[in-house]
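Below are my notes on the side-chain packing and charge pairing in this model. Please read them with the structure open.

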Amino acid sequence: MPSQTTSTNGAAANGSAKRGRPGYDQQSVLRIAVDVFNRHGYDATSMGILADNLGISKSAIYHHVPSKGDLLKLALDHALGGLESILEQPEAAAGAADARLEFVLRRTVAVLVERLPFVTLLLRLRGNTEIERNALERRRTFDHKVAALISAARDEGSLRQDIDPRTVTRLLFGMINSIVEWYKPGGSLSPGKLADDVITMAFDGLHGHTAPPPDPAVIATA
């Protein structure tokens with residue numbers, strides 16, 4: 001008679017693989033679910049599609065989470081928790097406003113790269129469910145706090161005065177959010193260099209640090 005210390009998936013019968021299911025835990029189920037949500041869209045993804053991608057039955061998924069909505073909430077909490085924690089860091093709370101803003105932008109890029117599939121899902125929300133609407137409200141709160149940092153930096157005189165802080169916020173996050181559409185982790189562009197480039201674009205723009213060209217009016221009268 002076969003020993004009860006092994007199962008078809010090779011797991012020990014000490015509870016490490018519950019009820020003989022394949023070797024998934026909640027986090028591995030979540031990672032695969034997020035990938036499926038991003039490929040098919042959350043609304044179009046059924047529990048049957050998730051089960052097919054996981055290679056397990058729908059009832060096995062329910063062993064890990066009560067519903068598709070719970071998977072979505074876990075994924076969005078992971079993305080938003082990373083962003084919200086940035087503003088809790090000492091570097092975001094004290095010091096010159098422009099330095100705090102730079103720290104927040106750098107860490108936002110880092111969180112985006114570290115949690116790329118999760119942030120991608122967050123950025124593609126349509127607000128069709130209460131879970132999505134709550135997540136979007138949390139994201140708006142984060143954006144408003146960054147806008148307040150931009151206003152503080154303007155008041156300190158470290159940022160230009162001629163662009164509305166709300167416009168600056170939208171443009172900055174438009175640039176940062178676009179990263180999810182083209183950045184490939186593990187490629188030639190490292191996360192650190194990516195953050196450096198974002199900061200350079202945000203604070204210095206595209207003009208090179210050279211002497212300004214001569215004024216044509218001055219040349220004409222010379």
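1. Glu137 and Arg140 form a salt bridge, with 3.0 Å between the closest N and O atoms; the term requires a side-chain nitrogen of Lys or Arg within 4 Å of a carboxyl oxygen of Asp or Glu. Both residues lie in helix 8, three residues apart, about one turn of the helix. Helices here are DSSP runs (H or I, at least four residues), numbered from the N terminus. Glu137 is partly exposed at 41% relative accessibility, and Arg140 is partly exposed with a relative accessible area of 41%. For these classes, buried is under 20% relative accessible area, exposed is over 50% and partly exposed is in between (1.4 Å probe, protein chains only).

2. On provenance: this is a predicted model, in which local features need pLDDT of at least 70 and side-chain atom pairs count only at pLDDT 80 or more, while totals for chains, interfaces and linings use all residues. Residues are numbered from 1 along each chain as its sequence is written, and side-chain values use heavy atoms, with hydrogens and water left out.

3. How many salt bridges are there in the whole structure? The search finds twelve. Asp77 and Lys73 form one of them, at 2.9 Å from N to O, and both lie in helix 4 (residues 68–86), four residues apart. Asp77 is partly exposed at 27%, as is Lys73 at 42%. A network of salt bridges links Lys73, Asp77, Glu84 and Arg138.

4. Glu181 and Arg124 meet in a salt bridge at 3.3 Å, N to O. Glu181 lies in helix 10 (residues 179–182) and Arg124 in the loop between helix 7 (116–123) and helix 8 (130–156), so the pair ties together parts that are 57 residues apart in sequence. Glu181 is exposed, with a relative accessible area of 52%, whereas Arg124 is partly exposed at 42%.

5. Arg100, in helix 6, deserves a look. Arg100 is buried yet has no salt bridge, and the nearest side chain of opposite charge, Glu156, is 4.6 Å away. Here Lys and Arg count as positive and Asp and Glu as negative; His and the chain ends are not counted. Neighbours within four places in sequence aside, the contacts of Arg100 (heavy atoms within 4.5 Å) are Glu91, Ala92, Ala93, Ala94, Gly95 and Leu149.

6. The largest nonpolar core has 56 residues, and those with the most contacts inside it include Leu50, Ile61 and Leu71. Helix 6 (residues 97–114) gives the most to this core, with nine residues. Such a core is a set of buried Ala, Val, Leu, Ile, Met, Phe, Trp, Tyr and Cys residues joined through side-chain atoms within 4.5 Å. Not counting residues up to four places away in sequence, Leu50 touches Phe37 and Lys68, among others.

7. Three aromatic pairs are counted; ring centres of Phe, Tyr and Trp (its six-membered ring) must lie within 6.5 Å, with planes under 30 degrees apart counted as stacked, over 60 as edge-to-face and the rest as tilted. Phe37 and Tyr42 are edge-to-face, at 5.0 Å centre to centre and 80° between the planes. Phe37 is buried at 2% relative accessibility, and Tyr42 is buried at 13%.

8. Lys68 lies over the face of Tyr42, 4.2 Å from the ring centre. Arg139 lies over the face of Phe173, at 5.1 Å. The criterion is NZ of Lys or CZ of Arg within 6 Å of the ring centre and within 35 degrees of the ring normal.

Notes:
Helices (H or I, at least four residues) and strands (E, at least two) are DSSP runs, numbered from the N terminus.
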